[in-house]
Amino acid sequence: MIIKVLKLVVVNILVLMGLLIVLNFAAILIFQGRLFIKHSIIKDSIDKRARLPNYKNIDWACKHFKEFKELQSEYRSYIGWRRLPCKGETININEQGIRNTPQSELATEKSPLVVFLGGSTMWGTGSDDNNTIPALFAKIAQGGYRTMNLGEAGYNAFQGYLSLQLQIIDGLRPNVVVCYGGVNDASFRSEQRPFSHSRENQIRAVMKGQDRDKEDVLSFRHFFLNPLKSFINKFIVNKKPKYDFSQERAEQVAKVLLESWLLTRDLAEKHGANFIAILQPNAAIGKPYLEHLKKLDTDRLKGYSHLYPAVLKLLQNPKYQELSNNVIVLTDAFDQKECIYIDECHVSPNGNKIIAKKIYNHINNSVINNKKE
């Protein structure tokens, strides 16, 4: 009798384990299948931005956004990440993760070097290599300057500072440093600290408990329970991020931006370079034409509208008044009835051309003249 009971218990346990294993494998297959289908759809789909009237007479738009979706990044110490090398028709990235910037044929090694820092708007999302801000600046300069694009998608001002520092350690000697920021510095998500980059939570999730759980690599939890938990969370967890748009948070975020610009200015001037910081335009500030855009992220726009007034207010603070001499506010640069924005902050080549001209004029009229004096 006891043997029969034990057999029945063992059989039930084995059946239960079998069901758990089948359930886990099914969850993994469904999860991976969804990812595969989603990736295939995204890979083959055409980015809606390529169909905007901004690109009406631009034949490379669809190809650009297709190449853009296929770009990959890798982890880099200190700066967080950098894009992997790419050789495409509209996007070319070298071994250092730096996007190609065509130079004027009239430029020489003696032409002053202007280094541009910023996020994806500076890197050139929405533009081929010839139509990024640094590339258009080089074209306008007609050999008067060489340019280098250190922008990277998602980078905030502090990451720009670190990128410049690493390049200077490696021998880079710019004559002018241009920081183009504001958008990626709007860190208002509640789970993020004001002083953090956009992938902090992603990296934290990957590394969470890693050292403590080394012994679980071959465990039942590692191979079965964790994948099942992740699968279930995909459907039951509310993924909508929460935001803190309080005045206190806005002041904290603004301070991080200005302190990062101060560090960059000091670094540039220490190595004999002029420094310019630009508070970049975005769809929430000013009076840009937006009727061609159907839907914009209201939370992102709200973040911009809270950050920018806080930045302008802090620039009046005695601590930052000297820095304000290096800051150009271009929030009204796109206040015209022309299709320029392709989303909340990125623009088509016509927008980059406007910014490149303004930067070029400022350097020629202010930076160079001040140097002569």
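The largest nonpolar core of this predicted model contains 83 residues, among which Phe137, Trp261, Leu323 and Ile359 touch the most other members. A nonpolar core is here a set of buried Ala, Val, Leu, Ile, Met, Phe, Trp, Tyr and Cys residues joined through side-chain atoms within 4.5 Å; buried means under 20% relative accessible area, with exposed over 50% and partly exposed in between (1.4 Å probe, protein chains only). Helix H8 (residues 247-270) supplies the largest share of this core, 9 residues. Helices (H or I, at least four residues) and strands (E, at least two) are DSSP runs, numbered from the N terminus. Leaving aside residues up to four places away in sequence, Phe137 touches Val114, Phe116, Tyr145, Thr147, Ala356, Ile359, Tyr360 and Ile363, where contact means heavy atoms within 4.5 Å. A second, separate core of 6 residues includes Phe68, Cys86, Ile93 and Trp123.

Residues are numbered from 1 along each chain as its sequence is written. Because the model is predicted, local features need pLDDT of at least 70 and side-chain atom pairs count only at pLDDT 80 or more, while totals for chains, interfaces and linings use all residues; side-chain values use heavy atoms, with hydrogens and water left out.

The sheet comes next. Five strands form an open sheet in the order E6-E5-E7-E8-E9, with parallel pairing; two strands pair if DSSP finds at least two bridges between them. Strand E6 (146-149) and strand E9 (327-329) stand at the edges, each with a single partner strand, so one side of each lacks a neighbour in the sheet. Strand E7 (residues 176-181) is largely enclosed by the rest of the structure, because 6 of its 6 residues are buried. On one side of E7 these are Val176, Val178 and Tyr180, and on the other Val177, Cys179 and Gly181. E7 is joined to strand E5 (residues 113-118) by 5 bridges, and Val114 stands opposite Val176. Towards strand E8 (residues 274-279) there are 6 bridges, with Phe275 as the bridge partner of Val177. E8 and E9 pair over 3 bridges.

Helix H2 (residues 61-69) has Ala61, His64, Phe65, Glu67 and Phe68 buried. These residues lie on the same side of H2, because they cover an arc of only 160 degrees around the axis, the arc being that of the directions from the helix axis to the C-beta atoms. They pack against strand E2 (80-83) and helix H3 (120-123).
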